[in-house]
Amino acid sequence: MIRRSFIALAAVASLTAPTALLADNHMGKKDIVDTATEAGDFGTLLAAAEAAGLVETLKGDGPFTVFAPTDEAFAALPEGTVDSLLLPENKDKLTEILTYHVVPGAVMSGDLTDGMMAATVEGEEIEISLGDSVMVDEATVVMPDVEASNGVIHVIDSVLMPDAAM
């Protein structure tokens, strides 16, 4: 049942999510950063990773699981939030938020269970919910299992916020 849900989700998501992720990745030969860059829908996430000094880490050996918010997800934040987070004086808070989107290891959708708690690099846990859609905290996974050479990306529709950053 769970596997069928992921297959259905992947089929629907492939019609609406950044297809360049799958088409241009060539079976995981590109790292997480290069895969996201080529997709073209993660400019804000990549700019934030650069501002937080996390690009080299995300290009490293890994493996990492990244729950990647799209540019649209960042645009849905209150006005001025992204600009504020990108300021040098907010680097620690930005790093906290971004590392809350990363789980050590390559966690594929088939590894997920309803109610699963996963420890993030930031230190807090995220909750996975399975039902009509796959949820990570309050975000919906719109494209699961985008493989990269150093892990996996699951595209999400909103920005996750750790308790510590609120």
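Lys-30 and Glu-38 form a salt bridge, with the closest N and O atoms 3.4 Å apart. A salt bridge here is a side-chain nitrogen of Lys or Arg within 4 Å of a carboxyl oxygen of Asp or Glu. Lys-30 is partly exposed at 21% relative accessibility, and Glu-38 is partly exposed at 36%. The terms rest on relative accessible area: buried means under 20%, exposed over 50%, and partly exposed in between, with a 1.4 Å probe and protein chains only. The model is a predicted one, in which local features need pLDDT of at least 70 and side-chain atom pairs count only at pLDDT 80 or more, while totals for chains, interfaces and linings use all residues. Residues are numbered from 1 along each chain as its sequence is written, and side-chain values use heavy atoms, with hydrogens and water left out.

A search of the whole structure finds three salt bridges. Another of them joins the side chains of Lys-59 and Asp-31, at 2.8 Å from N to O. This pair links distant parts of the chain, 28 residues apart: Lys-59 is in the loop between helix 5 (55-58) and strand 1 (64-69), and Asp-31 is in the loop between helix 2 (20-23) and helix 3 (32-39). Helices and strands are DSSP runs numbered from the N terminus, the helices being H or I with at least four residues and the strands E with at least two. Lys-59 is partly exposed, with a relative accessible area of 29%, whereas Asp-31 is buried, at 10%. Lys-59 also meets the side chain of Asp-34 in a salt bridge of 2.9 Å, N to O. Asp-34 lies in helix 3 and Lys-59 in the loop between helix 5 and strand 1, so this pair ties together parts that are 25 residues apart in sequence. Asp-34 is partly exposed, at 31% relative accessibility. Through shared partners, salt bridges join Asp-31, Asp-34 and Lys-59 into one network.

Helix 3 also holds Thr-35. Thr-35 counts as buried, at 3% relative accessibility. For the protein as a whole, residues 24 or more positions apart account for 64% of the contacts with a separation of 6 or more. A contact means heavy atoms within 4.5 Å.

The next topic is the interior. Buried residues make up 45% of the 166 residues. In soluble globular proteins, nonpolar side chains tend to be buried together. The largest nonpolar core has 31 residues, and those with the most contacts inside it are Phe-42, Val-66 and Leu-98. A second, separate core of 15 residues includes Tyr-100, Val-103, Leu-112 and Ala-118. Such a core is a set of buried Ala, Val, Leu, Ile, Met, Phe, Trp, Tyr and Cys residues joined through side-chain atoms within 4.5 Å. In helix 8 (residues 91-99), the buried residues are Leu-94, Ile-97, Leu-98 and Thr-99. These buried residues pack against helix 4 (43-51), helix 7 (81-85) and strand 2 (102-104).

The protein has eight helices and seven strands. Strand 3 (residues 117-119) pairs with strand 4 in the antiparallel sense over three bridges; strands are said to pair if DSSP finds at least two bridges between them. Ala-118 stands opposite Ile-126 in strand 4. The two strands form a hairpin with five residues between them, and Gly-123 in the turn has a positive phi of about 120°. Strand 4 (residues 125-130) has a covered face of Ile-126, Ile-128 and Leu-130, and an uncovered face of Glu-125, Glu-127 and Ser-129. Strand 4 also pairs with strand 5 (residues 134-136), again antiparallel and over three bridges. Here Leu-130 stands opposite Val-134 in strand 5, and the hairpin joins strand 4 to strand 5 through three residues.

Confidence in the model is the last topic. The average pLDDT, the predictor's confidence in each residue from 0 to 100, is 86, and 81% of the residues score at least 70. Over residues 1-26 the pLDDT is below 50, and this stretch has 40 contacts in the model beyond near neighbours in sequence. Where pLDDT is low, the predicted coordinates should not be read in detail.
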